[in-house]
Every structure is written in structure tokens, then in C-alpha cells.
Amino acid sequence: MDSNSSRGKRTSLQPMRAAGRQRVEELLEAASDLMAERGYEATTMAEIAARAGAKIGSLYRFFPNKEAVADALVQRHIAVLEDEYAALAKRAATLSPNALADVLIELLVTLHPRVKSLSALMEARTDRMEIRERARGHAIVGITAALRVCAPGLDEALARDIAAVVLNTMKVLRGMIAKDAPTTPGAPEELRRMNRLYLSDRLAPFRRASDSTSDGKTPQI
């Protein structure tokens, strides 16, 4: 039977021991690397095992088929997004609008290596739109929360609009750095500057009067 063919809907094995959990992490990391490099369809179970330095039987012990590997990777990537955006919202209380702009604009760039196969997985799956909406939803909710922590007077609806703008700016920056979007050597820094100016302008009216921005000026309310 081909290593990529369906073997039923058996669920993945959840290891109880630390060694087993470590092995699963290694297998998923190898699968993520390969799918990001070659795409979901081109990646085989045999290649995943080889990249992880594991026997093919070890891979099948934890994952009955490639679909189960993909399901585990999607859940893993979504969990990473949830954790990172939750941490961002907590951190935003200590950030000025300028500092928050810098953190936000870099977030997708730093997150990408940890969720590198998400795009490849979405392209190959019938539930791609659901996955895309889940990922986008976590981003919008997380950025909205961070904006409202930084600027407590900010209305929820306006915060979501600003979050959508910022998220698209983050995607453009990642595209520039990856050379997937038109760019020049100085363009990424110009985009960062644009984001700082935009957030400072939009958040300043909703900051507490006693708060100060990173340049020492008190925002006008």
C-alpha cells in the first residue's frame, strides 16, 4: 500500500511518556519542514520518517496516515497562534503605540518558522477556508485585544478595523522579507515607519491622559 494512501480514520496515538512525546515532536517538525519545502501532496510518509531519523514503523505507530499528520500539524500551528497572540495582549499593557507597532509588524515574521507548513496544508485540504478563517480569526482577536490594552478607550469595532489593517501590513512585510512581494532594500523599514505613524495616530486619542509614549510626550485626548 502506498505510504500516502488512506488507512481509515484511525486517530493518532497520544504518547504518555516523555520520550514518546519528544519523538512525536521530531516527526511533526520533519513533516512541517518537508511540506513547507515540497508541498503536502509531494511529501511522503517515508520521507517524513527519514527526515526525522526514525523508522517508518515508528511514524505509523503514532500516525496512521499522512492525513493524521496533517491534522496534528494544523492543531499545532493554531495552538501556536493562540499562545502568541494571548501573550501579545498581556504584553501590550507595557508598550507605547510605537513599541506595539514594532512588535506587531515583526510578529508574523517571527511566527512564520513555527507555522511554516500552514500555507501548504491549507492549499491541499478541503477545509482550507475553515483553517484560514481560524488562523485569521485568532490574529484579529489577538491584535484587537492588544490594541485595546494599549489604548483602553478604544472601541471594539474600531479596534477590529485597525487590527485588520495591521494584519495586512504584517503580511506585506513578511512577503517583502521572503521576496514574495515587490520590494527594495529600504522598503521594509519604510513599512515599519508607516505602521508606527498609523498606530500612534489611531491610538493616541484613546490612551489614558497620564500615559506617555516612548518619546516622552503625553498623548492628546
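This is a predicted model: local features need pLDDT of at least 70, side-chain atom pairs count only at pLDDT 80 or more; totals for chains, interfaces and linings use all residues.
I started at Ala151, and its contacts beyond four places in sequence are Leu203, Phe206 and Arg207.

**Ala151, continued.** Where does Ala151 lie? I found Ala151 in the loop between α7 and α8. Is Ala151 buried or exposed? Its relative accessibility is 0%, so Ala151 counts as buried, the cut-off being under 20%. I also checked its spacing to Ala92, 59 residues apart along the chain: the two C-alpha atoms are separated by 9.2 Å.

**The chain as a whole.** Next I stepped back for the overall make-up. I counted nine helices and zero strands in the protein chain. Reading along the sequence, I wrote the pattern down as α-α-α-α-α-α-α-α-α. The protein chain has 221 residues, and 41% of them count as buried. How much of the contact list comes from residues 24 or more positions apart? Taking contacts in the protein chain with a separation of 6 or more, I noted that such residues account for 67%.

**Arg23.** I then went to helix α1, residues 18–38, which holds Arg23. Which residues does Arg23 touch, not counting residues up to four places away in sequence? My list reads Ala52, Gly53, Ala54, Ser58 and Phe62. One of these, Ala54, I looked at by C-alpha spacing too: Arg23 and Ala54 are 31 residues apart along the chain, and their C-alpha atoms are separated by 8.5 Å. Arg23 counts as partly exposed because its relative accessibility is 25%, and that label covers values between 20% and 50%.

**Rings.** How many aromatic pairs does the structure hold? I got zero aromatic pairs. I did find a charge over a ring, though: the charged end of Lys66 sits over the ring of Tyr40. The distance from the charged end of Lys66 to the centre of the Tyr40 ring is 4.3 Å.

**The largest pocket.** I looked up its volume, and the largest pocket comes to about 490 Å³. Which elements give two or more residues to its lining? They are α4 (66–91), α5 (97–111), α6 (118–124), α7 (128–150) and α8 (156–177). I noted 18 lining residues for the largest pocket. Nearest its centre lie Leu118, Met122, Ala135, Lys171 and Arg174. Sorting the lining by class, I have ten nonpolar, two polar and six charged residues.

**Lys179.** Phi of Lys179 is near 65°, a positive value in a residue other than glycine. Most residues other than glycine have a negative phi, so I put a mark beside this entry. Lys179 lies in the loop between α8 and α9 (187–203). Is Lys179 buried or exposed? With a relative accessible area of 64%, Lys179 is over the 50% cut-off and therefore exposed.

**Glu189.** My last stop was helix α9, where Glu189 is found. Glu189 has a relative accessible area of 39%, so I have it down as partly exposed. How many residues apart along the chain are Glu189 and Leu173? They are 16 residues apart, and I noted a separation of 9.1 Å between their C-alpha atoms.

Terms used: Residues are numbered from 1 along each chain as its sequence is written. Side-chain values use heavy atoms; hydrogens and water are left out. Rings of Phe, Tyr and Trp (its six-membered ring) pair if their centres lie within 6.5 Å; planes under 30 degrees apart count as stacked, over 60 as edge-to-face and the rest as tilted. A charge sits over a ring if NZ of Lys or CZ of Arg is within 6 Å of the ring centre and within 35 degrees of the ring normal. On a 1 Å grid over the protein atoms alone, a cavity is a set of points where a 1.4 Å probe fits but cannot get out, and a pocket is an open set with protein on both sides within 12 Å along at least five of seven lines; lining residues have an atom within 4 Å of a point. Grid points are joined across faces, edges and corners, and a volume is the space filled by probe spheres set on the points. Helices (H or I, at least four residues) and strands (E, at least two) are DSSP runs, numbered from the N terminus. Ala, Val, Leu, Ile, Met, Phe, Trp, Tyr, Cys and Pro count as nonpolar, Asp, Glu, Lys and Arg as charged, and the others, Gly among them, as polar. Buried means under 20% relative accessible area, exposed over 50%, partly exposed in between (1.4 Å probe, protein chains only). Contact means heavy atoms within 4.5 Å.
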